Amino acid sequence: ISSPSGLTHESHKKDVEQVYLRCSEGSIEWMYPTGALIVNLRPNISPASYKHLTVCIKPFKDSAGANIYLEKTGELKLLVRDGDRSPSRVYCFGYDQGGLFVEATPQQDISRKITGFQYELMSKGIAADLHTASAPCRPCSDTEVLLAVCTSDFVIRGSIQNVTNEAEEQESIIHVGVNKLYRQKSKVFQLTGESGNWRGQIKTLLECGVKPGDGDFLFTGRMHFGEARLGCAPRFKDFQRMYKEAKDKGLNPCEIGPD
């Protein structure tokens with residue numbers, strides 16, 4: 001977490017401060033913004049790999065006091081306007097498209113303003129999976145499911161207990177009861193209550209129209225800003241069929257033990 005403060009530059013309101021971030025994910029919190037920040041993302045990887053990276057930022061819900069631009073060779077492209085209250089909106093761009101330039105807007109009282117956002121750097125392939133604009137609700141093919149089992153941040157067998165729709169954020173929250181946990185990158189799915197059942201939540205787009213239903217599914221997906229995002233989710237019996245067919249042909253990309 002980087003937390004610069006504008007109060008240290010009160011006498012030089014046009015100052016521009018450089019911030020260097022080495023982590024692949026984190027957050028910036030700029031207290032009492034004045035002047036501007038240039039945010040330099042310099043992950044600890046080979047510079048030759050930079051062209052394969054996507055940067056995503058997610059402003060804090062109460063972020064205020066500055067505009068956020070994408071800057072390249074002196075040209076500015078507005079990403080987030082000060083006061084934009086789009087809940088949970090995520091802004092993504094290629095690493096080679098430029099850096100972040102955060103400019104404070106004129107304020108009568110800067111002490112009441114804090115500009116902040118989370119950021120993540122990821123490979124362009126993973127970013128495309130998370131932000132597929134063309135057909136975000138399209139069912140996965142057999143090949144896509146089998147690959148998702150090998151590469152996803154979480155893979156579970158479970159049932160849909162309930163679905164909560166959040167119209168303002170245009171998202172649905174799937175409340176999942178877990179029957180078998182194959183893998184999870186973060187502890188999204190945990191033991192709850194005295195019954196000792198595993199439960200967790202997965203988010204997806206509201207437009208996909210997910211509803212509670214009977215039977216088990218194989219849920220796969222990615223972690224994104226600390227939240228589980230749904231990827232491929234076939235019915236479990238369909239997954240068993242495609243897994244067996246691929247295994248019989250020697251084509252399954254990894255072993256998981258679907259029973």
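Predicted model: local features only at pLDDT ≥ 70, side-chain atom pairs only at ≥ 80, totals over all residues.
Residues are numbered from 1 along each chain as its sequence is written, and side-chain values use heavy atoms, with hydrogens and water left out.

The chain has three helices and 15 strands; these are DSSP runs, H or I of at least four residues for helices and E of at least two for strands, numbered from the N terminus.

Next, the core. The largest nonpolar core has 25 residues, and Leu41, Ile57, Leu100, Val102 and Phe117 touch the most other members. Such a core is a set of buried Ala, Val, Leu, Ile, Met, Phe, Trp, Tyr and Cys residues joined through side-chain atoms within 4.5 Å. Leaving aside residues up to four places away in sequence, Phe117 has contacts (heavy atoms within 4.5 Å) with residues including Gly26, Ile57, Phe60, Ile68, Leu100 and Val102.

Now helix 2, residues 142-151. Val145, Leu146, Ala148 and Val149 are buried there. Down the helix axis, the buried residues fall within an arc of 155°, taken from the directions from the axis to the C-beta atoms, so they line one face of helix 2. They pack against strand 10 (154-166), strand 11 (171-184), strand 14 (217-224) and helix 3 (236-248).

Last, Trp198. This residue sits in strand 13 (residues 197-205). Trp198 is partly exposed, between 20% and 50%, at a relative accessible area of 32%.

Notes:
Buried < 20%, exposed > 50% of the residue type's maximum accessible area, 1.4 Å probe, protein only.
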